[in-house]
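Colleague: I am new to this structure. Could you show me how to read its features?

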Amino acid sequence: MRFGVVVFPGSYSDRDCGHVVEDVLGAGLVYLWHKDRDLRGADCVILPGGFSYGDYLRAGAIARFSPVMDSVAEFAARGGLVWGICNGFQVLCEAGLLPGALIRNAGLEFRCEWSHLRCERAGTPFTGGLQAGQVLRLPIAHGEGGYVADPATLAALEERGQVVLRYCDAEGRAVPAANPNGSLHNVAGIVSERGNVLGMMPHPERAAEVELGGTDGLLMFRAAAEAAAELTLA
Amino acid sequence: MIARVVVVPKPVLNDPQGVTVRQSLHALGFAEVADVRVGKYIEVRLDGTSEEEARSRVDDMCRRLLANQVIEDYRFELAFSPSPLAGKGRGGGADGAGASRDEAR
């Protein structure tokens, strides 16, 4: 089983994701330069955090046109696992692989802190082994993490169980005080209708080792690895 | 030909930058300011197109890249005159080129 970590100019979590995949999880790893259309046999493609193209124009607005994204879109259409983290989530929304958009944090601050997240749905390829209602602790680091979508889209996401992670307090309550950026409905992570594309603002790769203060992120990497290993693409 | 594109956050969206600027204007004594929205101004200089073709192409540029229609509205006008932002004495380097302007982000 092999993870493919895309590298855009300005990505900065690529090495962190690669470290978790290779050194912590012990899974296969390839880095995918954004200009290369070859996904090199990746079973799960990660779009990492960072400031691709300096967040010029809008975060992810230019990276979404990189050649590799054609292959990522085609891979997703065939059911392949695609995992967008932070800037990766922004790229997925700009590319239309996920609905909605991420806007400037409501308080205008860059929020760099631990956050609690409630897992809303355990059955996705990225949350296998978790339980609905389980509270995870992952760090966030973003200035444009406010998830927005029009009312009809938001209602559909909720109804179809596409909201996978929600900002909450330590007790698992999705209250306004636990919302670091003004995301509608405290949305921290969503999945595509089919369930194979996940976008999330928090950084699971920064909570995969005890030394960094938490290992809840490793739960998601393990889930993705197991799910990808069992997947047969169209 | 110059296309002058304005991209603004959709009215329904919370615009924290706009709120902050409004508060700052109030603090400066401009109590009459009811609302502020902060957007972007983008200038696109086009070579050798007709106005009709330019209109269609710039619209395409807006839809595909310059504006994210999930969160932004756009409008533009085409002009044949030089850009108001180009030219001499803009406080840039000695060659007068590449005048920088603060960009609201």
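Colleague: Is C168(A) buried or exposed?

Modeller: Buried means under 20% relative accessible area, exposed over 50%, partly exposed in between (1.4 Å probe, protein chains only). C168(A) has 3% relative accessibility, so this residue counts as buried. C62(B) is buried too, at 0%. This is a predicted model: local features need pLDDT of at least 70, side-chain atom pairs count only at pLDDT 80 or more, and totals for chains, interfaces and linings use all residues. Residues are numbered from 1 along each chain as its sequence is written, chains are lettered from A and ligands numbered from 1 in the order written, and side-chain values use heavy atoms, without hydrogens and water.

Colleague: How many disulfides are there over all chains?

Modeller: A disulfide is a covalent bond between the sulfur atoms of two cysteines. The rule asks for two cysteine sulfur atoms within 2.5 Å. The search of the whole structure finds zero. For C168(A), the closest cysteine sulfur is in C119(A), 10 Å away, so a bond is ruled out by distance.

Colleague: How many residues of chain A are in contact with chain B?

Modeller: Contact means heavy atoms within 4.5 Å. On that rule, 17 residues of chain A touch 16 residues of chain B. Among the chain A residues, L57(A), R58(A) and L108(A) lose the most area to chain B, together 40% of what that side buries.

Colleague: Which side chains meet in a salt bridge?

Modeller: Look for a side-chain nitrogen of Lys or Arg within 4 Å of a carboxyl oxygen of Asp or Glu. R58(A) and E72(B) meet that way, at 3.7 Å, N to O.

Notes: Buried area is the accessible area (1.4 Å probe) that two parts lose on being put together, summed over both.
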